[in-house]
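Welcome! Here is a short briefing to read alongside the structure.

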Amino acid sequence: MKRIFTLLLLCLSSLSRSQSNFSADSVMLDRVYNEVLLKGECYNNLRYLCKNIGQRLAGSESAAKAIEWGKNTLQAYQPTNVILMPVEVPHWSRGNNEYGKYTIANKVGSKKKALKTAVSPALTALGGSVGTNGEITAEVVEVKSFDELKALGEENIKGKIVFFNKAMDPMLINTGAAYGGAYPIRGQGPSEAAKYGAVACLIRSLTLANDNYPHTGATRYQDSIPQIPAAALSAVAARQLSADLKQNPDLKFTLHLSAIAYPRTLQANVVAEIKGSEFPNEYITIGGHLDSWDIGEGAHDDGAGIVQSIEVLRTLLALGYKPKHTIRVVLFINEEFGNDGGMVYADSCRAQNLKHIAALESDAGGFTPLGFNCDCNDYQLEVFQSWKPLLEKFSLYVAQRGGSGVDIGPLKKDESDTVALFGLKVDGQKYFDYHHSNNDVFENVNERELKLGAAAMTSLIYLIDQNGMPASK
Ligand SMILES: [Zn+2]
């Protein structure tokens, strides 16, 4: 009887402790949302980053300005310290003269090919492409896959321009998965085409929008394969070229790209820190990537993640919160073209033996947050899911396994590594309309959605800091 009574007491005390934790956590989350929604500075910070600095391709002068801005912005909120961590990055420029053109013969009544029409398709060089060194003019071979390319073989491809006309799969509700499905065409297409003697490569932009914005992004040449120039056509231009090729299979496409690669150069990750009060040697990192592609303003990708990460730090400090663990905000450099910042950061943490308990990234656009993905073990997933009742009040329903972020990825060396990596999960249906294009501008980010993302991130960081993220019971 006595034993049962003791057990009952134990149950009651643990219940009341978790209830008091629950209500204290709930009060704190309300304070976080109040602070961000009423006094948040992330939207104004994004305006400054997009309008006063603009695109910031790693290696460029504007990326250097963005690093300076990031350091000053973080310092103004007075964390324990802010440092620049040197990172070597590539330096590539598209130059300022890229175009495509071709002429088609239209059928007019019975007079076939009586009328010529000049077409200037909207296109942009893929990141890292070589230039054309003058104009390249050649016939075009349209394919949808590497298999089709292989089946055509050298006899049908040599001396021609290969046109990969593959759209992202609209049936996939997860647009990231649709992007992943089409991504190999952009990354490997040029080298695959060059294997069969192609002189240049065109791809359909990776987007779900049916508009005239071309979308750039990294392409990777394989060693020992000739490097051929590569560009993305807008969805509209790709559709038109495909239709024109059906009527004029021997049309000649002229491509001019002024891209050039410079020697690698030194830039930096910006690292701000709030020292932990109880476990100063245990770290939680929050971040996004400061670099963007060189067209548009990098507003969603990833200006949003940058200003949200800064907002987490600002909010915790503004609320007078004293974290138990050391909290770091990292503005990573060069996610887009090699993930140098992410790798240098993880290497530096390992070299200094810094123990990370968790990291969180926002790099899916500044859209309405839905919750979080977690790259973690079973027990950590349980801990994370136990916070769902607190987060659901703010319409954060997703607490599931999934990818976190490219920049924080290297913090996890392998599956035995116990750091839990989180990614802000957002409504990504429109993300690829903007991604890597001239359409990724400040005006296309909604203030409330951006702030809700920052508040969601701050809430998760608070919960991890309060409760820890142990790898087992
Ligand atoms: Zn990104």
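Does Y434 count as buried or exposed? At 11% relative accessibility, Y434 counts as buried, where buried means under 20% relative accessible area and exposed over 50%, with partly exposed in between (1.4 Å probe, protein chains only). Please keep in mind that this is a predicted model, in which local features need pLDDT of at least 70 and side-chain atom pairs count only at pLDDT 80 or more, while totals for chains, interfaces and linings use all residues. Residues are numbered from 1 along each chain as its sequence is written, and side-chain values use heavy atoms, leaving out hydrogens and water.

**Overall picture**
- Twelve helices and 16 strands make up the count for the chain; these are DSSP runs (helices H or I, at least four residues; strands E, at least two), numbered from the N terminus.
- Along the principal axes, the C-alpha atoms fill a box of roughly 100 × 45 × 40 Å.
- Of the 473 residues, 56% count as buried.
- Among contacts (heavy atoms within 4.5 Å) with a separation of 6 or more, 83% come from residues 24 or more positions apart.

**Aromatic rings**
- The whole structure holds 15 aromatic pairs; rings of Phe, Tyr and Trp (its six-membered ring) pair if their centres lie within 6.5 Å, and planes under 30 degrees apart count as stacked, over 60 as edge-to-face and the rest as tilted.
- F367 and Y434 form a stacked pair, 6.3 Å centre to centre with 15 degrees between the planes.
- F367 lies in the loop between β13 (355-361) and β14 (369-375) and Y434 in helix α11 (residues 431-434), so this pair ties together parts 67 residues apart in sequence.
- F367 is buried too, with a relative accessible area of 4%.
- Ring pairs link Y179, Y183, F367, Y431, F432 and Y434 into a cluster.
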